Amino acid sequence: MEIRAVILAAGQGTRMKSDLPKVLHKACGKPMLEHVIAATRAVGVERPVVVIGHGAAQVRTTVKEDVAFVLQKEQKGTGHAVMQTRPLFEGYNGDLLELFGDAPLLSPATLESLVRFHREGGFAATMLTAVVEDPAGYGRVIRDSATGHVVKVVEHKDASEAERAVREINTGIFCFKARDLFEALAEVKPNNAQEEYYLGDVLPILQKRGKPVGALVVANPLEGLGVNSRAQLAEAEKILRLRKAGALMDAGVTIVDPDNTYIDQDVEIGRDTVIYPFSFLEGRTKVGGECLIGPNTRLVDTSLGARVEATYSVLVGSEVEDDVTIGPFAYLRPGTQVRSRAKIGDFVELKKSVVGEGSKVPHLSYIGDATIGQGVNIGAGTITCNYDGVAKHPTLIGDDVFIGSNSNLVAPVKVGDGAYVAAGSTITRDVPPASLGIGRARQQNIEEWARRRRKGHGEGAG
Ligand code: UD1
Ligand code: CA
């Protein structure tokens, strides 16, 4: 049976004290709204409808998913927000999920059980509720004391002392029969402390019309967490992170200390990889199997093959093949590709460069805009002088080249296959294949110079 969804994301999020629309704040590396969109997709919603208002332009450009946006010009409450989507559901008689863009912890499994409960009960509206320790700020679920049936939702600001004592809250997540929902919404009045149209107010309206209303208590109350403040954002972040670590461990990844490891939602990691503490795996990062990552390593939008070791290093927008070792203290910047069995050692910075199979950049180098062939050894302290103050230039190093320590390769420049560059050279012209390039002053020894100097300054002068 078809299922569609509306996600509310038009509110300002005043309590965040932020210039960024609340739903774009990230948890586990991803805007909260995208977590919610992903949950709807996981239960088979094809193209969720997202209600935007505050910061609408920014939300539109940030969200890359295929969704239908509906503008709520003035934010007059959650009921009013849903009402704006009515034209999109003209003639639709199926079920409609309604979710909040600030509730990123909801799992697809819970959403599925909500839909099942809704359908099996034949309800017109089914509310997902949670029983929490501290219900402050949430809408309270008021049940009939005799029957236990849900009667209404009372918002915190409108609640009496007795109602505030209720610990069952409205998560803001509902499943509706679309037609019943929109008919009831038309009757909702903003008679409350905030003078807003509350979505929860459809429940008593539906019941008055003889339509059954249900409520499902979520097994894990944390799934109902709504993020209104930075403190709640940190709470959501932590829960999502531990959930992600748990899923990875279940799939065969060792995470030495999940509390101190930060892996974004969409990161993929292969079996038998070990992640040491204080590592950050962000964005669209992919790590193969049997890797050793960390401690203190940050991977951003980076892909690693199998059996890669990366320690105390930062890799951004880079691609690393199998059996490579990186670090400690290496920095791989965007556009870098490291081919299999290469070694990138300590205090090495690579930018937009290719390091060929089995090649080594072991110590203290800056390599930018360079293409390095296979089996190359780059001596300690070698740098590419890729920038002349105006433009960037390429350096090409062939296969089996040996670059002596502390060389400067002034780009644009080529070093041919099998060539050598003498240590300490400043190479400004191409080095032909199988040749030696030397670009440094010839050494001169002035004999007895040091002895004469000491004498000249007088012995014992201190
Ligand atoms: C809301 C619920 C409350 C529930 C809690 C769960 C209402 C009136 N209150 O309170 O019962 O316990 O969530 O977290 O429904 N939004 C719009 N347009 C608007 C107003 C809000 O799109 O005009 C969106 C917001 O962007 C947000 C969501 O609706 O994503 C909830 O709004 P928010 O102001 O956070 O409501 P709460 O006070 O948290
Ligand atoms: Ca909220």
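**Labels and the values behind them**

Me: Why is leucine 364 called partly exposed?
Reply: This is a predicted model, and in it leucine 364 has 49% relative accessibility. Buried means under 20% and exposed means over 50%, so leucine 364 lands in between and counts as partly exposed.

Me: Where does leucine 364 lie, and which residues make a nonpolar surface patch with Leu364?
Reply: Leucine 364 lies in strand 29, residues 360–368. To join a patch, a residue needs over 30% relative accessible area; leucine 364, at 49%, clears that.

Me: Are aspartate 102 and asparagine 228 buried or exposed?
Reply: Both are buried.

Me: How do you know that strand 8 and strand 9 pair?
Reply: Pairing takes at least two bridges, and strand 8 (residues 140–143) and strand 9 (residues 150–154) have 4, in the antiparallel sense. One example is valine 141, whose bridge partner in strand 9 is valine 153. The two strands form a hairpin with 6 residues between them, and glycine 148 in the turn has a positive phi of about 80 degrees.

Me: What about strand 30 and strand 33?
Reply: They pair in the parallel sense over 3 bridges, with isoleucine 372 opposite isoleucine 397 in strand 33.

Me: Which strands stand at the edges of the open sheet, and why?
Reply: The sheet has 9 strands in the order 14-17-20-23-26-28-30-33-36, with parallel pairing. Strand 14 (268–269) and strand 36 (413–415) each have a single partner strand, so one side of each is left without a neighbour in the sheet.

Me: How do you know that the chain is more spread out than a compact globule?
Reply: The chain has 9 helices and 39 strands. Its radius of gyration is 31 Å, well over the 23 Å that the globule rule gives for 462 residues, so the chain is more spread out than a compact globule. The C-alpha atoms fill a box of roughly 110 × 55 × 45 Å along the principal axes.

Definitions and conventions:
Residues numbered from 1 in each chain as written. Chains lettered and ligands numbered in written order. Predicted model: local features only at pLDDT ≥ 70, side-chain atom pairs only at ≥ 80, totals over all residues. Heavy atoms only, no water. Buried < 20%, exposed > 50% of the residue type's maximum accessible area, 1.4 Å probe, protein only. Rg over C-alpha atoms; globule rule 2.2 N^0.38 Å.
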